[in-house]
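Let's take a walk through a protein together, one step at a time. Have the sequence and the 3D view ready, and follow along as we go.

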Amino acid sequence: DLDVEIDVQTTSGAYHLELFLTPFYLTYDNLENVILRIRPRNATTNAALLVNAHFDSAIASPGAADCAACSAIAVEVARAIVSSDSARLETSAIFLLNGGEETYMNAAHGFLTQHPWAEDVTQFVNIESTGSYGPDVVFRSNRWVLGESKSNHVHWADSLSLTLSCL
């Protein structure tokens with residue numbers, strides 16, 4: 001027994017960011033987020049897992065790998081949960097399809113700072129592309145997430161990508 005809510009958020013905002021010790025002041029206007037919340041009817045808390053993907057693409061890119069495929073994965077996971085007779089959710093899941101990732105994640109910023117569901121997020125998964133070929137790579141994670149995986153799949157992960165992304 002699940003409750004499903006859909007929202008389309010149009011967001012505008014501004015924030016400060018430092019890249020390589022250089023300050024940037026970013027503004028964005030009228031970016032759209034498509035948001036789906038799946039909540040168990042018997043939920044005792046508003047805590048939610050955020051599954052994020054983006055549907056914009058880099059300028060002059062067809063966007064299939066980055067990141068139409070990511071959005072399709074998120075939509076299919078949500079569809080499978082809602083249509084399954086045996087799927088059980090013990091906590092809510094929020095699926096954020098954001099329309100402004102290629103511009104320093106502006107639409108995600110708009111969701112996190114302006115949408116009322118954002119305050120319920122306690123964990124997140126970001127579905128992102130690292131190119132159009134090669135193995136899947138865990139870009140950011142922690143020991144708990146990798147340790148809890150029950151699959152026999154080999155996880156490709158390294159700390160260098162995390163270190164570089166934090167510069």
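A salt bridge is a side-chain nitrogen of Lys or Arg within 4 Å of a carboxyl oxygen of Asp or Glu. Side chains of opposite charge can pair when their charged atoms come close. Before we look at some, note that this is a predicted model, in which local features need pLDDT of at least 70 and side-chain atom pairs count only at pLDDT 80 or more, while totals for chains, interfaces and linings use all residues. Residues are numbered from 1 along each chain as its sequence is written, and side-chain values use heavy atoms, with hydrogens and water left out.

The structure holds six salt bridges. In one of them, Glu90 and Arg88 meet through their side chains at 2.8 Å, N to O. Both Glu90 and Arg88 are exposed. Here is how that word is used: exposed means over 50% relative accessible area, buried means under 20%, and partly exposed lies in between (1.4 Å probe, protein chains only).

Now look at Arg79, which forms a salt bridge with Glu76, with the closest N and O atoms 2.6 Å apart. These two sit about one helical turn from each other because they are three residues apart in helix α1 (residues 64-83). Helices (H or I, at least four residues) and strands (E, at least two) are DSSP runs, numbered from the N terminus. Arg79 has a relative accessible area of 45%, so Arg79 is partly exposed. Glu76, at 39%, is partly exposed too.

Which residue forms a salt bridge with Glu5? That residue is Arg39, and the closest N and O atoms are 3.1 Å apart. This pair links distant parts of the chain, since Glu5 lies in strand β1 and Arg39 in strand β2 (residues 22-40), 34 residues apart. Elsewhere, Asp1, Asp3 and Arg41 are joined in a network of salt bridges.

Let's stay with strand β1 (residues 2-19), where we also find Thr11. Is Thr11 buried or exposed? Its relative accessibility is 0%, so Thr11 counts as buried. Apart from neighbours within four places in sequence, Thr11 is in contact (heavy atoms within 4.5 Å) with several residues, including Tyr28, Leu31, Ala107 and Gln114.

Another buried residue is Asp120, at 13% relative accessibility. Asp120 lies in the loop between α2 (106-114) and β5 (121-126). Not counting residues up to four places away in sequence, Asp120 touches Arg37, Asn46, Ala47 and Ala48. Leu50 is 70 residues from Asp120 in sequence, yet the two are 9.1 Å apart in space, C-alpha to C-alpha.

What about the nonpolar side chains? In soluble globular proteins, nonpolar side chains tend to be buried together. A nonpolar core is a set of buried Ala, Val, Leu, Ile, Met, Phe, Trp, Tyr and Cys residues joined through side-chain atoms within 4.5 Å. The largest such core here has 13 residues, of which Ile38, Ala53, Ala74, Phe95 and Ile127 touch the most other members. β2, β3 (48-54), α1 and β4 (92-98) each supply at least two residues of this core, and the largest share, five residues, comes from α1. There is also a second, separate core of eight residues, with Ala48, Leu96, Phe111 and Trp117 among them.
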